[in-house]
Protein chains: 2
Amino acid sequence: MTTVAILSTYLPFGHLAPMLKEADPEIDVVVWPDPACVEAEVAACLHPPAHIYERMPNLKLIHCVSAGVDSILVDQVVGPVPVCRVVDPTLADGMIQYVLWGVLHFHRRFDQALVNQRDHAWRRLPRTNASSFRVGVMGLGQLGKPVAIQLVALGYAVSGWARTPGRIDGVTAFAGEGQFSDFLKDLDVVVCTLPLTAETRGILNAKAFAAMKPGAAVIACGRGEHLVPSDLVAALRNGHLRGALLDVFAQEPLPPDDALWSLPGVIVTPHMASTASDAEIVRQVAANIHNYREGKPLAFPVDLSCGY
Amino acid sequence: MTTVAILSTYLPFGHLAPMLKEADPEIDVVVWPDPACVEAEVAACLHPPAHIYERMPNLKLIHCVSAGVDSILVDQVVGPVPVCRVVDPTLADGMIQYVLWGVLHFHRRFDQALVNQRDHAWRRLPRTNASSFRVGVMGLGQLGKPVAIQLVALGYAVSGWARTPGRIDGVTAFAGEGQFSDFLKDLDVVVCTLPLTAETRGILNAKAFAAMKPGAAVIACGRGEHLVPSDLVAALRNGHLRGALLDVFAQEPLPPDDALWSLPGVIVTPHMASTASDAEIVRQVAANIHNYREGKPLAFPVDLSCGY
């Protein structure tokens with residue numbers, strides 16, 4: 001038997017316990033804050049409790065349950081124990097689905113339909129063709145590029161903005177800070193899938209919102225720190241922006257008293273666009289436990305010197 | 001100048017007036033209930049007032065603003081005046097967009113996210129792959145078939161049910177009443193795009209809901225008369241069904257006191273999935289007024305002997 005401790009102070013991953021046991025009957029699972037966690041050989045974690053590894057004398061493998069490992073390395077003495085991560089090949093699919101729902105939500109006026117429903121009001125919502133609905137994608141990397149391609153396939157008028165010039169069939173290309181305002185000015189929906197860097201932190205700010213046309217909407221599914229929340233609140237309250245679909249926040253979980261939860265026009269989702277699926281987490285963690293037992297190479301090992 | 005009367009006792013089409021004038025400066029527009037309507041040469045209508053045509057001595061052309069002309073022919077003396085309709089080539093696009101929003105809504109748990117937002121509750125919503133989400137499309141005609149094809153393209157597990165057997169790549173085919181329960185039993189979402197016939201009236205009833213698995217959802221965008229509303233209300237209230245996205249109703253507009261407006265799990269939209277776009281209505285009506293003036297053949301004439 002191999003004992004796995006599920007260590008998360010952030011998201012509740014306890015529901016993975018029976019799934020791991022079903023994937024491999026030779027696995028026993030304990031879930032933090034069960035004190036027996038410190039006896040486990042394998043730590044499956046995201047935002048684990050501080051200094052937990054040094055209290056685990058039997059630890060042989062640390063397995064992050066996401067692709068981003070920053071939360072499991074911070075303030076931790078990892079030592080010689082190998083660290084692996086879960087890389088879900090369906091992440092882009094998840095992002096495509098999330099953005100597509102959001103674009104359709106604004107394009108087909110479901111936002112207005114939901115407001116009208118609250119009033120029991122049957123109000124006609126004219127339909128416009130996708131080809132006259134302009135969607136801009138910020139960031140054209142592993143997630144933004146497939147999103148842009150799918151939007152083109154569905155007939156939307158798609159623009160893309162990235163740090164450096166690139167070319168995607170059917171996508172009007174903009175690059176660099178110098179073209180940012182031009183990129184923004186005609187869009188009906190702006191989608192942010194950027195990575196978080198010094199250059200992109202706070203990029204969704206009052207200046208960007210002012211560059212957008214009245215009635216534009218924002219879909220934010222990169223990192224929470226891209227957004228200046230007070231600027232978004234102002235642009236929504238003064239009616240310049242139509243709405244926002246927000247999946248990421250500088251502080252997650254978003255605190256219950258945050259103004260965004262109940263601001264008209266804002267939809268808050270719990271960082272769900274493109275996280276690894278439970279099934280994939282279980283499959284990869286169970287497979288790596290098997291690899292560990294058999295002395296085989298581990299999948300998706302993390303290079304601690306570069307942090308991913 | 002040609003005077004056009006916009007005659008609708010159902011949907012407010014008055015906003016088309018300036019669009020028609022912009023399309024052709026030689027057009028004057030009056031909107032019901034303006035008494036000057038009876039002097040017009042062209043009637044652009046949907047559910048016009050009863051017996052209006054016989055009060056219009058100058059009437060030269062009746063133009064329905066939708067593809068379905070039943071509402072403009074009932075209880076009306078049309079006489080020798082030609083009747084045309086608007087056939088929007090983008091109707092299937094509209095239906096695809098509407099259904100796609102609905103499928104993504106249930107697949108990616110936006111229904112739960114919106115409920116959680118009302119409680120300011122950050123609750124994790126696990127992601128499953130499209131390939132494990134089963135969508136069934138009832139009706140594989142001009143609208144249902146392209147919907148099924150698009151769902152396959154996005155990776156969903158798609159089944160189709162129609163009166164007679166058919167074949168669409170990647171779609172599991174069911175046909176006829178004998179296979180209806182088998183079709184329904186494993187679906188996560190059932191989409192109804194059927195035409196309304198004696199056989200399909202009331203097909204979304206208690207027996208159909210009982211044949212669906214617990215937690216299934218319904219998207220109804222065929223005709224309102226497909227649904228037995230009291231059976232849907234019961235299946236939602238007892239928790240068997242997860243939710244419903246409803247675009248069509250036996251009585252439209254849906255009366256303000258109808259229970260569906262505020263039933264948890266139900267989204268009511270105002271028959272917006274796939275109506276002709278304003279731009280296309282204006283384009284085709286203006287073009288036919290031009291044809292009428294020039295003595296050219298009219299586009300999309302209606303054969304009154306068969307009713308379409």
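This is a predicted model: local features need pLDDT of at least 70, side-chain atom pairs count only at pLDDT 80 or more; totals for chains, interfaces and linings use all residues.
Local features need pLDDT of at least 70 and side-chain atom pairs count only at pLDDT 80 or more, while totals for chains, interfaces and linings use all residues. Residues are numbered from 1 along each chain as its sequence is written, chains are lettered from A and ligands numbered from 1 in the order in which they are written, and side-chain values use heavy atoms, leaving out hydrogens and water.

Helices (H or I, at least four residues) and strands (E, at least two) are DSSP runs, numbered from the N terminus. In α8 of chain A (residues 229-237), the buried residues are A:Leu232, A:Val233, A:Ala235 and A:Leu236; buried means under 20% relative accessible area, exposed over 50%, and partly exposed in between (1.4 Å probe, protein chains only). Seen down the axis of α8(A), these residues fall within an arc of 165 degrees, so they line one face of the helix; the arc is that of the directions from the helix axis to the C-beta atoms. The face turned away from the buried side of α8(A) carries exposed A:Ser230 and A:Arg237. Just after α8(A), A:Gly239 has a positive phi of about 80 degrees.

Over in chain B, B:Gln150 sits in helix α5 (residues 144-153) and counts as buried, at 15% relative accessibility. Leaving aside residues up to four places away in sequence, B:Gln150 touches A:Gln150, A:Leu154, B:Ile96 and B:Leu100 (contact: heavy atoms within 4.5 Å).

Chain B also has an open sheet of five strands, ordered β2-β1-β3-β4-β5 with parallel pairing; strands pair if DSSP finds at least two bridges between them. The edge strands are β2 (27-31) and β5 (83-84) of chain B.
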